[in-house]
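Here's a quick briefing to read with the model open beside you. Have a look at the fold first, then work through the points below.

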Amino acid sequence: MNSPERIAADKHTPMMQQYLRIKADHPDMLLFYRMGDFYELFFEDAEKASRLLGITLTQRGASNGTPIKMAGVPFHSADQYLAKLVRLGESVAICEQIGDPATSKGPVERKVQRIVTPGTLIEAELLPEKSDRPLLALNVLRQRRHVTLGLAWLSLASGQLRVTEFATDESRLAVQVRQELERIAPAEVLVDSHGASLLQDLPGPRPTLVADWHFDRSAAEKAVLEQLGAATLAGFGADGLGAAIGAAGAVLAYARSTQGKGLHHVQTLVVEREDEFIGLDAATRRNLELTEPLRGAEGQSPTLFSLLDHCRTAMGSRLLRHWLHHAPRAQDVARARHAAIATLIDARACESLASVLGGVPDVERIASRIALLSARPRDLSGLRAGLLQLAALQQTIPAHDALASSSLLAQTQAELATPAACVALLERAIATEPAATVRDGGVIARGYDAELDELRGLSDNAGQFLLDLEARERERTGIANLRVEYNKVHGFYIEVTHGQAAKVPDDYRRRQTLKNAERYITPELKAFEDKALSAQDRALAREKQLYEQLLQALGEHIGELQRVAQALARIDVLVALASHAERHQWCRPELTAVPGIDIVQGRHPVVENSIERFIANDCRLDPERRLLLITGPNMGGKSTYMRQLALITLLAYMGSHVPANRATIGPVDRIFTRIGAADDLAAGYSTFMVEMMESAAILHGATEQSLVLMDEVGRGTSTFDGLALAWAIATALLQQSRSFTLFATHYFELTQLPHDHPGCANVHLSAVEHKDSIVFLHAVQEGPASQSYGLQVAQLAGVPQPVIRAARRRLAMLEAQSVHSGGQFDLFSAPFSAPLSIPCTAVSDDAAEADAVAATPPVIDALAAIDPDTLSPREALDALYRLKRLADGGPDED
């Protein structure tokens with residue numbers, strides 16, 4: 001804080017003393033201090049909020065002789081300002097008035113009711129609808145040379161608490177932390193003093209430092225058991241996970257402190273094992289564009305998630321996103337989903353189910369807001385409407401003869417049972433169309449509470465009383481245009497125009513003067529006003545009390561609501577996948593225990609949706625054919641072919657049908673990709689360094705059951721260095737990792753690998769050259785490609801013709817030089833002069849060095865001087881005879 005805030009509290013005004021006392025408890029976050037209809041910020045908070053939110057910074061009054069800087073936002077629109085602050089990574093303490101201004105002798109009593117941080121959001125306005133924003137705690141335990149990494153993350157908006165733990169070493173710790181953060185994508189990360197250094201150079205949210213004792217194993221285990229209402233963690237599979245449970249304790253303590261209340265909706269713990277899901281590192285998630293596009297913002301470019309997301313509920317969309325990033329290695333899980341999708345397609349039930357699901361709200365998040373006592377009236381009316389759809393949804397799920405009681409659809413159907421007591425309570429308690437907030441009234445249904453109905457009756461009868469009074473006063477005074485009305489500022493009044501003022505009786509008391517009229521009050525009207533307004537205030541107070549009691553009562557049904565929410569999300573995802581598979585003729589894959597991948601007429605799921613005609617291709621990998629060496633022109637489709645294999649494999653294990661005529665896939669533990677070129681300037685890494693780091697991660701982590709995609713390894717350095725590295729990496733994948741690999745390259749020397757390694761095979765993407773242009777056929781064929789067609793692709797890209805011609809001449813020279821060059825040549829050195837007939841095996845290093853400074857042969861000079869694009873047919877024939885004569889050693893007669 002600045003100096004005015006450090007001055008002794010007793011030198012400030014009473015209100016500022018209260019503010020400074022509360023602010024001292026929350027020094028690292030903005031304090032929204034409720035004053036009437038505004039949240040005010042003072043001093044440095046006001047300056048910061050003005051800068052971040054673009055709101056006006058003012059300076060009013062003084063405390064201890066120092067002007068007070070202020071900025072404020074209306075309380076009824078605070079959510080939009082909170083959303084912006086949270087997006088910027090800020091945390092906000094919400095300080096509310098809890099005392100009664102009418103009875104307070106000093107400043108109204110205020111208290112921080114909750115703290116809004118990026119990882120503890122529950123309001124629909126602050127959260128992205130189709131993704132979670134979890135709070136994560138990271139705990140590292142070091143014992144001698146052993147390092148254990150424990151992670152726990154909580155989605156407060158859904159009540160899901162998950163943990164994972166694995167042993168590692170110091171050299172791999174930072175890499176694994178980065179991979180887990182990429183996978184979980186937390187909005188906020190809690191660390192102790194030892195873990196803060198781990199996140200310094202990693203992308204993601206700014207870490208929140210909490211005291212070390214929050215991670216204490218024994219205290220954390222006690223807190224977790226208390227939260228779950230259990231006596232042991234063994235039933236959750238978490239027994240012995242010291243680091244992970246320590247992190248879970250820190251997460252729960254932090255979440256409770258921000259909400260100011262218990263977390264009654266956190267009722268279970270899910271343990272994720274390192275070998276439970278198909279491994280996807282950060283590079284693979286990025287290269288496959290699962291949920292985030294490589295280029296452009298999310299939503300602007302197609303991704304696998306955006307393609308498949310036909311979900312009708314936000315819960316379904318979030319579960320689909322989770323399935324994409326967490327494809328289980330266990331084939332039985334995927335097979336159950338395949339069977340459910342096939343049943344939905346066969347029964348033609350997708351459209352009817354989707355129609356019913358369209359009327360279901362976000363039950364998962366509404367249940368969480370009920371548990372945290374922050375649900376709004378329209379949350380409850382929406383929940384009531386959604387729960388009333390469950391019976392129709394159950395009936396619409398196909399009853400198949402082969403639908404065993406243990407099948408996924410049967411399980412889902414059972415879990416969609418209507419929570420009758422919860423629905424009955426909502427139908428009795430909530431009005432058909434409630435107001436947006438409780439303070440507006442009209443939330444509790446008539447007939448739910450006798451006292452509330454009586455108080456409302458007094459207010460409702462006011463209208464008839466006013467009509468009767470107006471009629472009597474017109475008759476008594478003879479003023480025909482007299483009106484009896486009400487507004488929130490002046491209450492009830494009798495309005496008389498100035499032209500009729502002489503007829504006003506003596507018992508009228510002036511309340512307000514207008515330009516053309518006077519407003520009066522009478523003793524009778526005043527007595528009624530006191531009674532009616534008192535009844536209205538008491539009705540609102542009673543309604544608020546009843547609503548709080550209703551939330552408490554609904555809290556007993558949280559477990560049922562969460563069960564229903566999970567079933568709704570699951571059926572929504574299955575329907576979305578089934579409808580997409582049916583619409584695009586995707587097939588049901590076969591998962592086997594036999595190693596290998598056999599795809600017949602496979603297609604890229606996203607690209608086929610973006611172009612008019614997609615060329616489907618086969619792909620076969622087995623223990624005798626582990627590496628496919630892919631050659632072909634740029635733009636020929638190599639990267640698309642590689643990515644489609646990875647996506648088909650991932651979709652199959654996720655439980656979806658796949659874009660192919662037939663797909664048979666064996667065990668897969670990880671998918672690795674080394675595709676594209678990108679540097680990491682922030683970390684100080686060049687494009688080639690990033691390429692080598694990704695390659696190293698693959699060589700260290702790939703196994704016989706891994707799928708590896710390697711695209712143009714070695715292109716970021718000199719030609720021979722890159723060729724040597726590509727050769728060595730391909731050989732290591734064949735001999736050591738023995739992974740199933742697609743290896744795309746422009747180094748044609750690598751096409752000799754199959755001669756030395758039987759497990760390697762050449763395939764190529766075909767193309768046809770027509771005149772000076774190229775036509776890509778995008779068909780994968782056996783054998784190596786004949787050339788790269790680089791100049792033709794450059795021409796298609798719009799490179800100027802003079803540059804293309806110069807490149808052709810230079811290419812001819814380089815190809816001629818490479819015939820007799822004994823070492824790696826330098827593109828910027830003097831041209832070689834050795835005769836074209838000298839084979840490269842006859843040239844020693846000394847001879848090659850001598851050749852580098854010798855004169856260029858006449859035939860080369862003559863060839864370089866020719867511009868083929870400007871020659872007539874006769875001139876071209878003459879030039880050809882001249883080159884033949886020079887090549888035979890004859891004189892130049894030109």
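In what order do the four strands of the open sheet run? The order is S18-S22-S19-S20, and the pairing is mixed. Keep in mind that this is a predicted model: local features need pLDDT of at least 70, side-chain atom pairs count only at pLDDT 80 or more, and totals for chains, interfaces and linings use all residues. Residues are numbered from 1 along each chain as its sequence is written, and side-chain values use heavy atoms, with hydrogens and water left out.

**The sheet**
- Strands here are DSSP runs of E with at least two residues, helices are runs of H or I with at least four, and both are numbered from the N terminus.
- Two strands pair if DSSP finds at least two bridges between them.
- At the edges sit S18 (590–591) and S20 (617–621), each pairing on one side only.
- S18 pairs with S22 (residues 662–665) in the parallel sense, over two bridges.
- Glu-590 has Thr-664 in S22 as its bridge partner.

**Helices H29 and H30**
- The axes (lines fitted to C-alpha atoms over the stretch in contact) of H29 (residues 858–865) and H30 (residues 873–887) come within 9 Å.
- They cross at roughly 165 degrees, on a scale from 0 to 180 degrees between N-to-C directions.
- That makes H29 roughly antiparallel to H30 (over 145 degrees).
- In contact (heavy atoms within 4.5 Å) are Pro-858, Val-859, Ala-862 and Leu-863 of H29 with Arg-882, Leu-883, Leu-886 and Ala-887 of H30.

Definitions and conventions: Angles under 35 degrees count as roughly parallel, over 145 as roughly antiparallel, 65 to 115 as roughly perpendicular and the rest as oblique.
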